[in-house]
Amino acid sequence: MPENYFGERVAERYDESAAEMFEPAVVDPVVDFLADLAGQGAALELGIGTGRIALPLTQRGVRVHGIDLSAAMVERLREKPGAADIGVTIGDFATTNVEGTFSLAYLVFNTINNLTTQEGQVACFQNVAAHLEPGGCFVIEVEIPALQRLPPGETVRALTVSPTRLGFDEFDVATQGVVSHHYWAADGKLGVFSQPFRYVWPSELDLMARLAGMSLRERWSDWNREPFTSDSRSHVSVWEKDAERAGTEGPEK
Ligand SMILES: C[S@@+](CC[C@H](N)C(=O)[O-])C[C@H]1O[C@@H](n2cnc3c(N)ncnc32)[C@H](O)[C@@H]1O
């Protein structure tokens, strides 16, 4: 099982620290996009967390099931109105099997990068394919690796520099690894937190999808369907499970 970086200490501050991501201006386009794709079917959220997207999507009438490694994050979801309508399985979304099939699976807010090996990311696509109905869609929202902002020979890029808070990404381009280091001063003490990620290119994700029997259907730079270009800093991609491969690919369910 991968290491859980969303324990109690992170979970209790998650909604507050990501407050701008809970704004209707951010959430509504995501929910519109996903509700359209789900249609009358059910949706599977990988890394459901505290329900930022799953709760409003459920309110739109979509049945949602979630997978998450962190019992602490899911406990926060359980405290919220409407959570009783959402089933959650605790486990690694690269390998966890859940009951039923889905018209939609989605993995938002850069969370594919939480799988720190190519093998894990490939397994995630295989696992999704095993849960999707033929013609079902997998949606990923993830940043474009920020390598163009890394001067030649440098490995560290500043994320935040303020009198009370510092954050840096440390890149290892040989392994596509990046460790985010965070330091903050509070009550005269220094808080420290580092988390590893694996950055991944759109073309590599397309290949992972093909290995799992899915094909690219749409790629946008955001949830409002702005065009994806060489200047885009992130993308929202949709792969569709190939009808002819249905039932022949992916791990046993
Ligand atoms: C950045 S949060 C996103 C939560 C939610 N999707 C949102 O948009 O607010 C990432 C979530 O993914 C979960 N997670 C990370 N790696 C995971 C894995 N391998 N399997 C299952 N859950 C994972 C974390 O526990 C956390 O709840």
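How far is an oxygen atom of the ligand from an N or O atom in the side chain of Tyr 14? The distance is 2.7 Å. This is a predicted model, in which local features need pLDDT of at least 70, side-chain atom pairs count only at pLDDT 80 or more, and totals for chains, interfaces and linings use all residues. Residues are numbered from 1 along each chain as its sequence is written, and side-chain values use heavy atoms, with hydrogens and water left out.

Stay with the ligand. There are 20 residues around it, and Tyr 14, Glu 45, Gly 47, Asp 68 and Phe 93 come nearest. A residue counts as near when one of its heavy atoms lies within 4 Å of the molecule. The shell divides into ten nonpolar, six polar and four charged residues. Here Ala, Val, Leu, Ile, Met, Phe, Trp, Tyr, Cys and Pro are nonpolar, Asp, Glu, Lys and Arg are charged, and the others, Gly among them, are polar.

An N or O atom in the side chain of Asp 68 is 2.6 Å from an oxygen atom of the ligand. For a polar side-chain atom of Arg 52, the distance to a ligand oxygen is 3.0 Å. Taken alone, the ligand exposes 600 Å², and the protein buries 96% of that. These areas come from the Shrake-Rupley method with a 1.4 Å probe; for residues, only the protein chains shown count as cover.

Tyr 14 leads on to Ser 17. Ser 17 is found in helix 2 (residues 14–17). Helices (H or I, at least four residues) and strands (E, at least two) are DSSP runs, numbered from the N terminus. A polar atom of the Ser 17 side chain lies 3.1 Å from the backbone oxygen of Tyr 14. Ser 17 is partly exposed, at 44% relative accessibility. Buried means under 20% relative accessible area, exposed means over 50%, and partly exposed is in between (1.4 Å probe, protein chains only).

Next comes the interior. In soluble globular proteins, nonpolar side chains tend to be buried together. The largest nonpolar core here has 29 residues, and Leu 34, Leu 57, Leu 104, Tyr 106 and Val 139 touch the most other members. Such a core is a set of buried Ala, Val, Leu, Ile, Met, Phe, Trp, Tyr and Cys residues joined through side-chain atoms within 4.5 Å. Among the elements that give two or more residues to this core are helix 3 (24–38), strand 5 (132–143) and strand 11 (234–241). Helix 3 provides the largest share, eight residues.

How many disulfides are there? The count is zero, where a disulfide is a pair of cysteine sulfur atoms within 2.5 Å. For Cys 124, the nearest cysteine sulfur is that of Cys 137, 15 Å away. Cys 124 is buried, with a relative accessible area of 0%. Cys 137 is buried too, at 2%.

Glu 218 sits in strand 10 (residues 214–220). Glu 218 counts as buried, at 15% relative accessibility. Its side chain makes a polar contact with the side chain of Trp 220 (2.8 Å). A polar contact is a pair of N or O atoms within 3.5 Å; within protein, one must be able to donate a hydrogen and the other to accept it, and residues adjacent in sequence count only if both atoms are side-chain atoms.

Finally, look at the backbone. Most residues other than glycine have a negative phi. Phe 109 has a positive phi of about 55 degrees. Phe 109 lies in the loop between strand 4 and helix 6 (118–131).
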